[in-house]
Amino acid sequence: MINESKTLRDILHIGRIIGAHGLKGELKILPLTDDPKRFLSLEDCLLVSDDETERVPAHAEGARFFNDQVLLTLKGVSDRTAAEKLKGYLVSVTREHAVALPPDTWFICDLLGCEVFDRRHGHLGQLKDIQSGTVQDVYVVAQAGQKDLLFPARKTILKTVDLDLRRIEVDLPDGLFEIYREV
């Protein structure tokens, strides 16, 4: 089934609180963003429950890095006990506070669910996942009754992305379609 136009998410998750660090209320954050340095300039954010029913405004007062984690200080969270109560929450920002993206790049959450069409093979299915790779991302397209179709996120393959129409047009290289789908 092809999606009708859908509004974009109003918030973007940039990290998950995985615990407390030290005794002064620092939060250990697992970054969910391609640019963890964005935490260094973070000010206004939201603490969001997994089901997104709870959204609590928060103000970041500082961040630093520790191994592959971010240590974040929030106003009003001044001891370990308060920090531990926030474990599991997502750190999110509104679109207004999101980082600016370069041309021809999109937030993953905006792409998921888009219908994918190939110029020769027509409707391929719905974008279900984007696997981040060291060299390039891989798009995973699902269609009922078919194997997932995977293709690299290259400019030679990705032709157009229209978030208003929730549509991605691609030009798959010869033979790729046949690997995943019966002709």
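Reader: Hi! Which way do S11 and S12 run, and how many bridges join them?

Author: Hello! In this predicted model, S11 and strand S12, residues 167–170, run antiparallel and are joined by four bridges.

Reader: Nice. Which residue stands opposite Arg167 of S12?

Author: That is Asp162, which stands opposite Arg167.

Reader: What sheet are these strands part of, and in what order do they come?

Author: They belong to an open sheet of six strands, ordered S10-S9-S8-S7-S12-S11, with mixed pairing. Strand S10 (149–152) and S11 are the edge strands; each has a single partner, so one side of each has no neighbour in the sheet.

Reader: And how much twist is there from one strand to the next?

Author: The average is 35° from one strand to the next.

Reader: Remind me what holds paired strands together in general?

Author: Strands of a sheet pair through backbone hydrogen bonds, and the pairing can be parallel or antiparallel.

Reader: Thanks. Changing topic, I'm thinking about pockets. How much space lies in the largest pocket?

Author: The largest pocket holds about 1000 Å³ of space.

Reader: Which residues lie nearest its centre?

Author: Asp34, Trp106, Phe107, Ile108 and Asp137 lie nearest the centre of the largest pocket, out of 36 residues that line it. As for elements, strand S1 (11–21), helix H2 (108–111) and strand S11 (158–162) each give two or more residues to that lining.

Reader: Good to know. What about the largest nonpolar core: how many residues are in it, and which have the most contacts?

Author: The largest nonpolar core has 22 residues, and Leu42, Leu74 and Val91 have the most contacts inside it. At least two residues each come from S1, strand S2 (26–31), strand S3 (44–48), strand S4 (55–66), strand S5 (69–74) and strand S6 (90–94).

Reader: Which of those gives the largest share?

Author: S1 does, with four residues of this core. S1 also gives two or more residues to the lining of the largest pocket.

Reader: Let's look at S3 and S4. How do they pair?

Author: They pair in the antiparallel sense over five bridges, and Leu46 stands opposite Pro57 in S4. S3 and S4 form a hairpin with six residues between them.

Reader: What about the next hairpin, S4 and S5: how many residues are between the strands?

Author: There are two residues between the strands in the hairpin of S4 and S5. Six bridges join S4 to S5, and these strands run antiparallel. One of the pairs is Ala63 with its bridge partner Leu72 in S5.

Reader: Is Asn67 buried or exposed?

Author: Asn67 counts as exposed because its relative accessibility is 69%, and the cut-off for exposed is over 50%.

How values were computed
Residues are numbered from 1 along each chain as its sequence is written. This is a predicted model: local features need pLDDT of at least 70, side-chain atom pairs count only at pLDDT 80 or more; totals for chains, interfaces and linings use all residues. Side-chain values use heavy atoms; hydrogens and water are left out. On a 1 Å grid over the protein atoms alone, a cavity is a set of points where a 1.4 Å probe fits but cannot get out, and a pocket is an open set with protein on both sides within 12 Å along at least five of seven lines; lining residues have an atom within 4 Å of a point. Grid points are joined across faces, edges and corners, and a volume is the space filled by probe spheres set on the points. Two strands pair if DSSP finds at least two bridges between them. Axes are lines fitted to C-alpha atoms, for helices over the stretch in contact, and angles run from 0 to 180 degrees between N-to-C directions. A nonpolar core is a set of buried Ala, Val, Leu, Ile, Met, Phe, Trp, Tyr and Cys residues joined through side-chain atoms within 4.5 Å. Buried means under 20% relative accessible area, exposed over 50%, partly exposed in between (1.4 Å probe, protein chains only).
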